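Start with the structure below.

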Amino acid sequence: MKSLFYNCAVTALAAAFAWTGVANQGSDRCENVEFEGVAELGFIEVEPGVFVLGALPTPVTVAGVPGLMSSFITAVRSSGAKGQGAQHYSLVHTFVSTDPERPGGFSTEDRAVAAPAGKDPNVSIINDVLTIVSGEGVFQNATGFLMNHAIVDLTEFTLTFSTHGRICGDGL
C-alpha cells in the first residue's frame, strides 16, 4: 500500500512539474487536448526479431490534427508479495499525423501503474503520465504532457483509454 501511495504521489508531482513547464510556453502554440477510444493490443516489432506488447495504431485527433496513436512497453516491474500486485510499466507512445496538409508527429516517454480491476486477472486499470519528448513537422519542438486512464482487457486484447493534457509545438 505504501508503495502504491508513493508511486501515485510521484506521478502527481511529475505531472505538476510538467504542467508548470507547459504553462510557461506561449499559449499561441499550445493546445489543451482530449481524446478517447479503444485500441487493439498486439505485438510490435521494436527491432529485428524483438517483439513487445503494445497498443496498435489507433485513430485519434490531437490538437485538431488527425492521426494514429500507438504505444509499446519498454520495461515491466511487479509489486506486491509474489508479484501479484500492481504492474509498473515504462512505455513509449507515438502519434503520427495522417493529414497531408499538417504532417508530423510526436513521441512520449511514460510511466504507468496497472492495478488489478476486480477478480479477473486479465483486466486491469492503468493510470499514466505521458511526457512529450520529441516532435517533428506540425509538432516541431513539441513539449507537454498527457494524462491517461485506461482499462486493459487481456481476454479481448483491448485497451479502452481516455486521455487529456496540453501539447505545444511550433505548428499549433
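On a 1 Å grid over the protein atoms alone, a cavity is a set of points where a 1.4 Å probe fits but cannot get out; lining residues have an atom within 4 Å of a point. Grid points are joined across faces, edges and corners, and a volume is the space filled by probe spheres set on the points. The model is predicted: local features need pLDDT of at least 70, side-chain atom pairs need 80 or more, and totals for chains, interfaces and linings use all residues. Numbering runs from 1 along each chain as its sequence is written, and side-chain values use heavy atoms, without hydrogens and water.

**Cavity**
- The whole structure holds 1 cavity of 30 Å³ or more.
- The volume of the largest cavity is about 120 Å³.
- Its lining has 13 residues, with Met69, His93, Leu159, Phe161 and Thr163 nearest the centre.
- Strands E1 (30–47), E2 (50–62), E3 (65–78) and E8 (158–168) each give two or more residues to this lining; strands are DSSP runs of at least two residues, helices (H or I) of at least four, numbered from the N terminus.
- The lining divides into 7 nonpolar, 6 polar and no charged residues (nonpolar: Ala, Val, Leu, Ile, Met, Phe, Trp, Tyr, Cys and Pro; charged: Asp, Glu, Lys and Arg; polar: the others, Gly among them).

**Salt bridge**
- There is 1 salt bridge in the structure (a side-chain nitrogen of Lys or Arg within 4 Å of a carboxyl oxygen of Asp or Glu).
- Asp170 and Arg29 form this contact, at 3.3 Å, N to O.
- Asp170 sits in the segment after E8 and Arg29 in the loop between helix H1 (2–23) and E1, so the pair ties together parts 141 residues apart in sequence.

**Accessibility of the pair**
- Arg29 is buried, at 18% relative accessible area (buried is under 20%, exposed over 50%, partly exposed in between, with a 1.4 Å probe and protein chains only).
- Asp170 is partly exposed, at 43%.

Terms used: On a 1 Å grid over the protein atoms alone, a cavity is a set of points where a 1.4 Å probe fits but cannot get out, and a pocket is an open set with protein on both sides within 12 Å along at least five of seven lines; lining residues have an atom within 4 Å of a point.
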